[in-house]
Amino acid sequence: MNEVDTLDGATRSAWATFRTLLADGVAALAAGDTLLIECPHTPSDPAPPCVQFHGWDESVVRCEVLADDYLAPYRAWTASGSALLSELGFHAPPRNAEDRGDTADESIPVNWYLDLGHRYADRAADACVRVLRDAWAVPHPSFLTVTGPADAEVCGIGRTVVSAAPAFDPFVAVRTADAAGRRALVEATLRHLLGFLPDADEDGDYPFRLGPARLYLCPTEDAPFVQILAPVAAGIEDTAHAAEVIADVNRRWPHVKLVLDEDRVVATVDVTVVPFVPQHVLDMLAVMEKFVAEAADDVVTALGARPYLDRTGSVTSAPAGRSPLLPESLCRLAEAVWERGADVSVGEVLALCGADRARIADLLALARGCENQSLTRTVWDDERVAASAGLDARVWRMTAALLTAAHRRLVAEARDGSSTVQLDLFGGVDPAGGVGDTLFD
């Protein structure tokens with residue numbers, strides 16, 4: 001993967017994460033709350049180009065985009081920009097006294113506006129991102145300044161521009177002083193390769209997917225090397241036969257070593273890091289990816305075993321004392337989406353995950369993380385890898401959407417006497433907002 005593709009994938013992932021966090025912040029707006037998102041601007045701008053969300057009451061949130069009256073002339077809305085706003089559902093502000101009515105009503109909007117119910121927060125967030133990214137050409141969410149309620153800041157929406165990190169050169173040899181230094185370089189190498197840093201597991205290892213391979217990059221605390229692991233097979237019954245198969249594979253793949261551990265087989269590559277040359281680690285990751293793509297399935301068949309990991313990346317029949325990578329309920333839900341897609345209902349989600357809002361919120365965060373990791377690989381030059389990553393991302397997106405719908409159903413049920421009728425405020429509430437209890441993608 002070249003540097004342009006890595007940057008592209010990281011940027012798409014950042015926008016996807018921002019949209020998700022923004023939807024959560026919009027859905028949480030109370031009556032009277034305002035969430036303001038400002039774009040980069042110059043001193044010549046009469047006001048920073050911005051998008052504002054305002055909680056009008058307990059049912060409706062208004063999204064406003066600055067009109068020409070408040071923008072510098074060079075930022076005036078073009079025909080294509082106005083068409084985009086209309087396509088997204090925004091209404092143009094009244095332009096003359098006849099449109100505004102005989103009385104000067106301060107509630108009549110002076111900007112482009114879109115009124116939606118709280119449950120359509122995803123749609124509002126998507127419209128905002130389209131305006132920022134496509135109309136105003138903001139290159140990355142980190143250029144935005146977000147101010148609003150404290151809970152929005154806690155959600156991580158608010159960002160400040162930070163200075164660029166020093167350029168990472170994978171060919172430069174670095175001599176590390178201790179385990180902490182090795183770990184820092186491992187993290188920098190993963191960011192360079194993937195565009196993000198995977199969350200470390202309970203053992204301090206970094207699990208991630210590289211093309212068709214689910215791998216672990218494992219820094220060592222007491223030795224100057226890092227280990228690459230690829231879980232291969234589980235459920236081995238004939239260990240004598242397994243030893244023969246492993247010996248044969250080890251002869252044919254000299255840089256990869258298969259290891260039999262009770263009834264499981266993992267592939268390993270040890271990379272010395274004295275000094276630490278990131279490109280050496282990247283090269284060996286490529287070797288392991290090639291091994292998994294070309295040989296892992298044949299090894300599983302030859303061993304008469306089952307794959308070590310299922311399609312969601314979770315350990316099959318995890319041994320006692322070790323938790324799977326993902327909760328079982330999330331794995332079962334993702335498997336259901338793999339098999340039946342849109343036929344999975346919100347009721348099934350609640351049956352699988354329980355009617356616990358906090359637990360569903362945790363599962364939703366995991367699903368979004370899996371989707372973002374998949375999205376970063378959809379820009380690979382290898383069409384096979386990109387297609388596989390796109391399918392993964394679609395499954396996790398549908399899984400996250402189902403979890404979101406389940407969470408919001410629980411929130412709605414918890415509201416005593418909440419009204420589902422959208423108010424016709426200011427003569428400008430968009431009746432198209434009430435399109436039914438559907439998932440917005």
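1. The buried residues of α2 pack against β3 (60-65), β4 (112-117) and α4. Helices (H or I, at least four residues) and strands (E, at least two) are DSSP runs, numbered from the N terminus. The model is predicted: local features need pLDDT of at least 70, side-chain atom pairs count only at pLDDT 80 or more, and totals for chains, interfaces and linings use all residues. Residues are numbered from 1 along each chain as its sequence is written, and side-chain values use heavy atoms, with hydrogens and water left out.

2. Which residues of α2 are buried? They are G81, L84 and L85, where buried means under 20% relative accessible area, exposed over 50% and partly exposed in between (1.4 Å probe, protein chains only). These residues cover an arc of only 100 degrees around the axis, so they sit on the same side of α2; the arc is that of the directions from the helix axis to the C-beta atoms. An α-helix has 3.6 residues a turn, so residues three or four places apart point the same way. On the face of α2 turned away from its buried side are the exposed residues A79, S80 and E87. Just after α2, G89 has a positive phi of about 100 degrees.

3. Helix α2 (residues 79-87) packs with helix α4 (residues 121-135) at an angle of about 165 degrees, and their axes are 10 Å apart. Axes are lines fitted to C-alpha atoms, for helices over the stretch in contact, and angles run from 0 to 180 degrees between N-to-C directions. α2 and α4 are therefore roughly antiparallel to each other; angles under 35 degrees count as roughly parallel, over 145 as roughly antiparallel, 65 to 115 as roughly perpendicular and the rest as oblique. The crossing of α2 past α4 is right-handed. A crossing is left-handed if the near helix is turned anticlockwise from the far one by less than a right angle, and right-handed if clockwise. L84, L85 and E87 of α2 make the contact with R130, V131, D134 and A135 of α4, contact meaning heavy atoms within 4.5 Å. The residues of this contact of α2 with α4 comprise 4 nonpolar, no polar and 3 charged. Ala, Val, Leu, Ile, Met, Phe, Trp, Tyr, Cys and Pro count as nonpolar, Asp, Glu, Lys and Arg as charged, and the others, Gly among them, as polar.

4. On α6 the contact involves T189, H192 and L193, and on α8 it involves P278, V281, L282 and L285. The residues of the contact of α6 with α8 divide into 5 nonpolar, 2 polar and no charged.

5. Helix α10 (residues 346-353) has V346, V349, L350 and C353 as its buried residues. These cover an arc of only 95 degrees around the axis, which puts them on the same side of α10.

6. Not counting residues up to four places away in sequence, L333 touches V344, V349, L352, C353, T399, L402 and L403. L333 and T399 are 66 residues apart along the chain, and their C-alpha atoms are separated by 7.0 Å.

7. Some backbone values deserve a check. Most residues other than glycine have a negative phi, and most peptide bonds are trans. A137 is not a glycine, yet has a positive phi of about 55 degrees. A137 lies in the loop between α4 and β5 (145-147) and counts as exposed at 56% relative accessibility. E262 likewise has a positive phi, near 55 degrees. This residue, E262, is in the loop between β9 (257-261) and β10, and is exposed, with a relative accessible area of 69%. A cis peptide bond joins V274 and P275, with omega about -5 degrees; P275 is in the loop between β10 (264-272) and α8 (278-303).

8. For the protein chain as a whole, the secondary structure comes to 12 helices and 11 strands. Of its 441 residues, 46% count as buried. Among contacts between residues at least 6 apart in sequence, 67% join residues at least 24 apart.
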